[in-house]
Amino acid sequence: MTVHSLTVPGIGSLELTVTERGAGHPFLLLHGGGGPLTVTPWADRFAAAEHAHVLTPVHPGFNATPRPAALDSIAGLAATYVALLDALDLQDVTVVGNSIGGWITAEMALLRSPRVSSYVLVDAVGIEVPGHPVADFFSLTPAGLAELSYHDPQTYGVDPAQLPPQIREAMAGNRVALEAYAGRAMTDPTLAGRLGGASAPTLVVWGETDRIADPDFGRAFAAAIPGAQFTMLPEAGHLPQIETPDALIRTVWAFADAHATSKPARPSA
C-alpha cells in the first residue's frame, strides 16, 4: 500500500492510497460504495490468475482516508484517477469500475486519457433510466441491501452487528463519503447524454439478478456509449466480483486483452 501525493486540476493537492499487485497489463480497479473490501479479494485473485498488474485505490474519504473539501463529485474522482495514471506513467491501462466505481469509469472515458486502452463498467450506477430507478441505497436496512445486491443474499450478505466496532465505524464513514460524491440518488441526469462523447472500447458487464440497478438499466448504459458491448453474468447480482469472481476475470481479461495497445511477452511456464 502506497500513499501518492497528487495535484489535480480544479481540486488541488491530495493524498491517494493505492495498493498494487501482479505484473503485466495494468488494470485500475475502482470500488463502489461498499468500500475497498468489495474489490480487494478479486484484485488479488485476478493478479494471480492472469498476467495483470492490478491497482486498487481507495476513494478519498473511504476507510477514514482524508478527503479535501474540493473533491466532492464523481467527475472530481475521475480527474483524480487520470492524474494518478499520469503520475505513475502507466500506458495501455484498462479501467474497471463497479457500482459508483463504474460511474467514475464512465466519467474517465469522457476525459479520453491516452493512457487508457479500454473501459469496463460492472453494474455501474450514474445515469437515469425512465422506469428503471436505482434502488434507494440510503433507506435500505443491511438485510434489504443484501437482498437487492446479491443473487444469493443468504450466502453473501453481511450482518453489520456481527462485525467488529472499527469495521462498523469505517462503514458509517464510507456512507458519508459516498453521499458526498454521488448524492443520495446516485444518478446524474446529464450523464447519459454526455456519454456520446466517449470513444474508447467499452464493455458493460451486468449481474443477471442485480436489483440495485436492473439489467435493463445496464442495457441502457451500454446503449448510451458509442460502440459499447454488453455482457450478462448469470448467478450474479450487483457485485459479481464477489459472487462469480472467475467468470468476471475471464470476461474482463478477454476484453482488455483484445483491445490492448501493447502485448507484453508472457512469462514462460
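Reader: What makes the largest nonpolar core, and which residues have the most contacts inside it?

Author: This is a predicted model, in which local features need pLDDT of at least 70, side-chain atom pairs count only at pLDDT 80 or more, and totals for chains, interfaces and linings use all residues. Residues are numbered from 1 along each chain as its sequence is written, and side-chain values use heavy atoms, with hydrogens and water left out. A nonpolar core is a set of buried Ala, Val, Leu, Ile, Met, Phe, Trp, Tyr and Cys residues joined through side-chain atoms within 4.5 Å; buried means under 20% relative accessible area with a 1.4 Å probe, protein chains only. The largest such core has 58 residues, and Leu28, Tyr81, Met108, Met186 and Phe221 have the most contacts inside it. Helix α2 (residues 74-88) contributes eight residues, the most of any element.

Reader: Which other core lies apart from it?

Author: Another core, of 22 residues, includes Ala43, Ala47, Val54 and Leu248.

Reader: Why is the space lined by Leu29, Val39 and Trp42, among others, called a cavity?

Author: On a 1 Å grid over the protein atoms alone, a cavity is a set of points where a 1.4 Å probe fits but cannot get out, and lining residues have an atom within 4 Å of a point. The structure holds one cavity of 30 Å³ or more, and the largest cavity has about 40 Å³ of space. Strand β5 (residues 93-98) gives the most to its lining, with three residues.

Reader: How much space lies in the largest pocket?

Author: The largest pocket holds about 1,200 Å³; a pocket is an open set with protein on both sides within 12 Å along at least five of seven lines. Among its 43 lining residues, Gly33, Gly34, Gly35, Thr38 and Met171 are the closest to its centre.

Key
Points joined across faces, edges and corners; volume = space filled by probe spheres on them. Buried < 20%, exposed > 50% of the residue type's maximum accessible area, 1.4 Å probe, protein only. Helix = DSSP H or I, 4+ residues; strand = E, 2+ residues; numbered from the N terminus.
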